[in-house]
Amino acid sequence: MMTMKVQELWSAVLSQLELNLSPGKYTTWIAPIKAEKLTEIDKKRLILELNCPSVFHKNQVEDKYLGQIQELAEGLVKKKCEIKLAVKQEDARQKPKRLGGQGDDLFSVDTGKIMAEAYEQAVTKAGLNLNFTFENFAVSSSNEVAHAAAKTAANNPGRVYHLVFIYGGVGVGKTHLMQAVGHELLKKNPDTQLVYCTGEEFTNEIIEAIRNKTTANFRQKHTKAKVLLLDDVQFIGGKAAVQEEFFHTFNAVNKEGGQVILTSDRLPNEIVGLEDRLRSRFEGGLTVDFLVRGFELRGAILLIKAQQM
């Protein structure tokens, strides 16, 4: 009887969590959990024992979702419900057991594989180049400051530098470094609301939105972003309507403590037609430059390309 009750309770909790969480988070962290036992301590207290597939998985659930699980369980049983998480590896020779509250066809999930697939899907959706990662970025004296700033933004998005403005000539690696930050953030959390585009693409989207009377959708997409990566921002100079939308987008992301990274082939005060209010905001962040690539850096880049091929 208690076995039926624990499965019924966990099934109800799962249903609520599936509604409350994004598909990526639910599939990665919640679906693999199995309900093991429901014990009644007294008339006012219960203990719900759950099993996780690995120690890493257990730690992530404890840190991020334990409170939600307990709140939902207590709401259903109308009693205090302590949640105990354990790690239980099933015998590989056994037929995968039914996952509490799920269908008979579900079995133990490879969390690492799911995370990798979710990361790849997020990268594709964001439009990032698969090769523009920190691992493939060659560091030298000409870009070490910019590299350090990008790593800081990736490790502490929006906390240390709310804006990183990277400028330099054509082909020095600005786009690569900016996208590397995006890769790092999506690797940690594939559900990160990240928007990447070029200044030209940003402009074209606005033109299309105005033409189709869908500016509200455009604003919703960009102002809800937690990470905004805009390449070749100098392209918006002299375009009043585009700068107006970007001003509101920048403020929205900044207000929510998000991370903004911009690249440009010139400094903010050198961008022709850039409004003063945007120039002020660009100069209020961290500005880093790329120097001309020396022989050593070009050699390192060639070696990285050779390894990739």
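Me: Why is Thr249 counted as buried?

Reply: Its relative accessibility is 1%. Buried means under 20% relative accessible area, exposed over 50% and partly exposed in between, with a 1.4 Å probe and protein chains only, so at 1% Thr249 counts as buried. A word on the source: this is a predicted model, where local features need pLDDT of at least 70 and side-chain atom pairs count only at pLDDT 80 or more, while totals for chains, interfaces and linings use all residues. Residues are numbered from 1 along each chain as its sequence is written, and side-chain values use heavy atoms, with hydrogens and water left out.

Me: Where does Thr249 lie, and which residues is Thr249 in contact with, leaving aside its neighbours within four places in sequence?

Reply: Thr249 is part of helix α10, residues 240–255. Helices (H or I, at least four residues) and strands (E, at least two) are DSSP runs, numbered from the N terminus. With those neighbours set aside, Thr249 touches Phe202, His222, Thr223 and Leu228; contact means heavy atoms within 4.5 Å.

Me: What makes Phe202 and Phe246 an aromatic pair, and of which kind?

Reply: Rings of Phe, Tyr and Trp (its six-membered ring) pair if their centres lie within 6.5 Å; planes under 30 degrees apart count as stacked, over 60 as edge-to-face and the rest as tilted. Phe202 and Phe246 are 5.6 Å apart centre to centre, with 85° between the planes, which makes the pair edge-to-face. Phe202 lies in helix α8 (residues 199–212) and Phe246 in helix α10, so the pair ties together parts that are 44 residues apart in sequence. Both Phe202 and Phe246 are buried.

Me: How do you know what kind of pair Phe250 and Phe282 form?

Reply: The angle between their planes is 65° and the centres are 6.5 Å apart, and the pair is edge-to-face. Phe250 belongs to helix α10 and Phe282 to helix α11 (residues 276–283), so this pair joins parts 32 residues apart in sequence. Phe250, at 2% relative accessible area, is buried, and so is Phe282, at 0%. Ring pairs link these residues with others into a cluster of Phe165, Phe202, Phe218, Phe246, Phe250 and Phe282.

Me: How do you know where the charged end of Lys239 sits?

Reply: A charge sits over a ring if NZ of Lys or CZ of Arg is within 6 Å of the ring centre and within 35 degrees of the ring normal. The charged end of Lys239 is 4.3 Å from the centre of the Phe235 ring and sits over that ring. Lys151 likewise lies over the face of Phe134, at 4.6 Å from the ring centre.

Me: Why do β5 and β8 stand at the edges of their sheet?

Reply: Two strands pair if DSSP finds at least two bridges between them. The open sheet runs β5-β6-β7-β4-β8, with parallel pairing. β5 (194–198) and β8 (286–289) each have a single partner strand, so one side of each is left without a neighbour in the sheet. β5 is joined to β6 (residues 227–231) by five bridges, and Tyr196 stands opposite Leu229 in β6.

Me: At what angle does helix α3 run to β3?

Reply: Helix α3 (residues 55–64) lies across β2 and β3, at about 155° to β3. Axes are lines fitted to C-alpha atoms, for helices over the stretch in contact, and angles run from 0 to 180 degrees between N-to-C directions. Helix α4 (residues 66–77) also lies across β2 and β3, at about 135° to β3.
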